[in-house]
Amino acid sequence: MPAAPSSPAPTGASLPLSGPPAAAQAVPAARPADPLAALADRCVQCGLCLPACPTYGREQVEAESPRGRIALARAWALDTIPATAASDAHLDHCLGCRSCEAVCPAGVEYGRLLVAARNRQRERRPAGWRQRLAEGLAARPRTLAAGLAVYRAAYPLLPAAWRPLPRPPGRVRAASRGAVAPAPQRVALFVGCVADAYEAPLRAALARLCAAVGVELEIVAGQGCCGALHEHAGDTATAAALAARNRAAFAGRGQVLTLASGCHDSLRRSLPAGVDAIDALAFLADRAGALRWRRTPQRVALHLPCTQRNVVRSVPALRRLLAAVPGLEVVELDAGLGCCGASGTQMLTEPTRAAQYRAPLLEQFERSGAQRLLSANVGCRLHLGNGTGAVVQHPLEFLAECLDEAVG
């Protein structure tokens, strides 16, 4: 960062006639460049991100835009303005969708900047109790599993206000298929935290699809939460510890399949060298020639999560898979402001705001006449599913139902 210009000498002031040479006089040490300010300085303030930002679209306030938040983060980093409750709220409201990053001509790494800014924020202001509870449970798989088991049992008795998530499904028992030839390829599967309880039917569906292309899934012991919900809320220390756990668990594997677009990037960055994270949709799309589909004359609605569009970028693979199913009609949901509002834990910490982002999508879904709603991110599915009585599934769970296993 360039040094601030020195103040001019007062008119009529005389220079000292004696003293040490100018080079020997004490010079204030240059302030080291602040990494958060350096990230913010990439922004050229062009405003092309504004139309892509869900919160700006809703509020039409500069401070609720990426450009406004970048300016706030830079000012905080340089101590030019103090943080206030109002300015903190603008940072809190960011959904972390990274749609701004996808359209930025200057290559601003907004995702990194948001994490850095929230980390500074967290150092001076503790997270709310809902956020701390979510983070604590996600980092402790056994406690989370026990808590969700109790939640499932008590769900029918709970009032609506005490149902922040849909009811977890029951246990899924793998179907007996008799003698099965060994698969020529074996790949690891990332399970995650809350998905462990909610995605048992999806994992069974993925196993069927993988078996159809000659691949066997391995659930690796010792893995856990990817740390995304901690990192995005500024708890980078816990996120790093969780990344280290997954790094150790997946060491020696060549490929790790992911099912949640919101977890993919955090897991990818945590894996050791030589181990690749691959979206399961892209993995199967590359092997789609081996898959055979039943004719399925249905209309389904497709929600494309922000992380799938802007980070993982597996939308083309998903479209190819769905287009291959005979008779299937797909309606892509595009109503609203570009985000369903789940945003990791924001559906838990800011449920009213989150529901406002969700509402246009569910209204479009109801008007579409679709029989079910598909979405490739577990957080989005939980948020959308808590607002409708319709079936909400991962696309692969639906595709497994369309699989014609009698062919082959």
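Mentor: A residue is called buried under 20% relative accessible area, exposed over 50% and partly exposed in between, with a 1.4 Å probe and protein chains only. C43 is buried, with a relative accessible area of 18%. C306 is buried as well, at 9%. This is a predicted model, in which local features need pLDDT of at least 70 and side-chain atom pairs count only at pLDDT 80 or more, while totals for chains, interfaces and linings use all residues. Residues are numbered from 1 along each chain as its sequence is written, and side-chain values use heavy atoms, with hydrogens and water left out.

Trainee: How many disulfides are there?

Mentor: A disulfide is a covalent bond between the sulfur atoms of two cysteines. The rule applied here asks for a pair of cysteine sulfur atoms within 2.5 Å. The count by this rule is zero.

Trainee: What is the strand order in the open sheet of four strands?

Mentor: Strands (E, at least two residues) and helices (H or I, at least four) are DSSP runs, numbered from the N terminus. Two strands pair if DSSP finds at least two bridges between them. The order is β6-β5-β7-β8, with parallel pairing. At the edges are β6 (329-332) and β8 (391-393), each pairing on one side only. Inside the order, β5 (residues 299-303) and β7 (residues 372-375) run parallel and are joined by four bridges; V300 has R372 in β7 as its bridge partner.

Trainee: Which strands does α18 lie across?

Mentor: Angles run from 0 to 180 degrees between N-to-C directions, and axes are lines fitted to C-alpha atoms, for helices over the stretch in contact; contact means heavy atoms within 4.5 Å. Helix α18 lies across β5, β6 and β7, at about 165 degrees to β5. Helix α20 (residues 395-402) lies across β5, β7 and β8, at about 120 degrees to β7.

Trainee: Is R353 buried or exposed?

Mentor: R353 is buried, with a relative accessible area of 12%. Its place is in α18 (residues 351-368). Leaving aside neighbours within four places in sequence, R353 is in contact with T55, R58, E59, E64 and H93.
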